[in-house]
Amino acid sequence: MTGAILSTHGLVARYGDFQALYGIDFQIAEGEAVALIGANGAGKSTFLRAVMGLLPVAPDMVRMGGQPIGGTPADRMVQKGVAIVPEGRRLFSGMSVQDNLRVAVDQADRLGRKGGWSLARLHQLFPILKEKARTPVQSLSGGQQQMVSIGRALLCQPRVLLCDEISLGLAPRVIREIYAALPEVRAQGTSVVLVEQDVGLAQSASDRLYCMLEGRVTLTGPSDSVTRDEISKAYFGGTHAVV
Amino acid sequence: MQWFDALIQGVLLGGMYAQYALGMALMFGVMKIVNVSHGDLVILLSLVGISLAASLGLGPFTVMAALVPLAVGLGWLLQRTILNRVVGDDPLPSLIATFGLSLALQNLMMQIWSANSRSLPGGGIESRSIQIGGIYIGLLPVIVLVFAIALTWGLDMMLKRTRFGRALRAAASDVEAASMTGINPRTVYASATAIAVGILGFAAVFQSLRSTVAPADGGAQLIYAFEAVIIGGMGSVWGAFLGAMVLGVAQAVGFRIDPGLGVLAGHIVFLLVLATRPQGLFGRA
C-alpha cells in the first residue's frame, strides 16, 4: 500500500523478559478502517499500546507519514495525531462527564490540534453525554462510559484513532449504537484501528483486517473477501470454526 | 468560657497547620508522594526569609512576596531534578528520596545558619491582639487563618475550574490515561510540586513570625502536616483544611486540660482517626 498514514515495521514489544510481539508489519491509509482480530493473548492490545508509545519500541518500528515515531511518549503521540480508546475505558474517576471531555479539549487546544470535533458535535453523535454532562463518570452505565472514552479520544482531534475492544462487556443494542458512530468518524478523514474479538463485527466495520496469533500476524486481507475458513485457521492456528 | 476560648485558639492554630498540610495533600493526591522533606522545606524557606529581612531590611509581607516565587521555583526544581525520577506506582523510592533530601537539607541549613533559633521581626504584628467578649484573639493568628482559608479556596477553585486543575485531577485519577489525552505527566507533576512548595512560602513567613525556627525543627512541622492530612482524608484540599482545624482544636483543648498534654492530644486524635477511619474524617471509604 502506498500513502500509509501510520505503519509499523517489524514491531517488537516485550513485557520484561516476555516477548509479546514478533515483528509486526502493519499499515493503514487515511480514512481507512482496519480491524485487528485474534484470541485473548494474541497481542492485539499490546500492539496498540506499543504504537501509542505506552511500551518502549525502537523509533523506526512505528512511522507516521513516513517519519519514525516509535517510542514517542503517549502525550506527544496525541500531538502527532494519534489517540486511543483504551481497554477498560480508563476514565477519570471522580470527575464529571463534562470534565472528562474537557480534559481532551484543553489539551488539544494547548497542543494546537485542529479538527472537526467539538463538544457540540460530540453531543450530536452521543446525545446522552449532554444529558449526563454533570454526572460523575463512575455512575454511568458501561455503554455510556464507552461513549465518554470514545468522545475523549475524538476530542484529541486524531488523524488515527486506536480502539481497543470497544464492544467488550456491552449489550448488543449499545454495541450497535457505538459502531453506528464509526462512519461519521471516518468521514472526517480519521483512520480507525479496531481491535475486536467479535470477528463478524470486525469484518462488517472495517475495510481490511489483520488476524494475530501469539504475537504474530497470521492473516491479512480485505475484510469482505477473507473467508471464514481462512480466518479460522489464522485465529486458532488450526482447523476450528469461527463462531 | 475557657473551652470556648480553647475552641477559638484551636481553630486559629489550625490555620497554621492548614498551610503546612495543603501542599502535602496536593502532592499526595496527584502523585501519591509523601514528601518527608516537607517540614524541612518550611524551615529552609523560613531561614531564607529571615536572612532576606535581616540583610535587606524587608518587612514580613515584602519577604512573603519574595519568598513565594522563590518557593515555587524551588518546588519545580525539586520535582524536575529528583522526584520525577522516583515517582511511580511504588511509593517506597519517593519516600526514601525525600527522607534523604530531608537529612541533606537539615545538614545544609545547619552549615549555613548554625543550630541557633531565629525569628522574623514582624514590627509588632506578632504580639497585637483584640479582645472580643472575654476572649483575646491574636492578630497574627487571625491573619494566618484568613490566608489559610484563601489558599484552600484558591487551590480548590484552581482544581475545579481551570485547565491546569482538570489536568491535575486527571493525572491524579489515572496518569497513563491522562497522558493518552496529551497531558505531560512530568510537567503536571512539576507544577503540582511548585504549587505545594509555593504554599510553604506563605507558611514559612507566618511560622517564623509566630515562633523561632532552627534547622532541626522540620520534623515537627512534617508531623503536623501529616496528621492534618490523615485526619482530614488524604488527597482532599478541604479535607486537609478541616483536618488541620481538628488537630488545632485537639491540641488547644489538650493544653487547657494540662499544658503538657497539648501536642499529645493531637497525636491521640490522629491515632484514633487512623484506627477507626483510616480514609480520614472527610475522605471517602
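A: Let's begin with a term: helices are DSSP runs of at least four residues, numbered from the N terminus. Keep in mind, too, that this is a predicted model.

Q: Thanks! In which helix is B:Val42 found?

A: Look along chain B to helix H2, which covers residues 38-56; B:Val42 is found there.

Q: Is B:Val42 buried or exposed?

A: The general idea is to count C-beta atoms around the residue: 20 or more others within 10 Å make it buried. B:Val42 has 31 other C-beta atoms within 10 Å, so B:Val42 is buried.

Q: Which residues is B:Val42 in contact with, leaving aside its neighbours within four places in sequence?

A: You will find B:Tyr20, B:Leu200, B:Ala203, B:Ala204, B:Gln207, B:Gly218 and B:Gln221. As for B:Met158, 116 residues separate it from B:Val42 in sequence, and the C-alpha to C-alpha distance is 23 Å.

Q: Now the two chains: how many residues does the contact take from each chain?

A: Chain A gives 24 residues and chain B gives 15. On the chain B side, helix H6 (163-173) and helix H7 (175-179) are the elements that give two or more residues. H6(B) provides the largest share, six residues. By class, this side of chain B has five nonpolar, five polar and five charged residues.

Q: What is the mean pLDDT of chain A, and where is the pLDDT below 50?

A: The mean for chain A is 92, with 97% of its residues at 70 or more. Over residues 239-243 of chain A, the pLDDT is below 50, and this stretch has nine contacts in the model beyond near neighbours in sequence. Where pLDDT is low, predicted coordinates should not be read in detail.

How values were computed:
Residues numbered from 1 in each chain as written. Chains lettered and ligands numbered in written order. Predicted model: local features only at pLDDT ≥ 70, side-chain atom pairs only at ≥ 80, totals over all residues. pLDDT = per-residue confidence, 0-100. Contact = placed C-beta atoms within 7 Å. Buried ≥ 20, exposed ≤ 12 C-beta atoms within 10 Å, placed from the backbone. Nonpolar A, V, L, I, M, F, W, Y, C, P; charged D, E, K, R; others polar.
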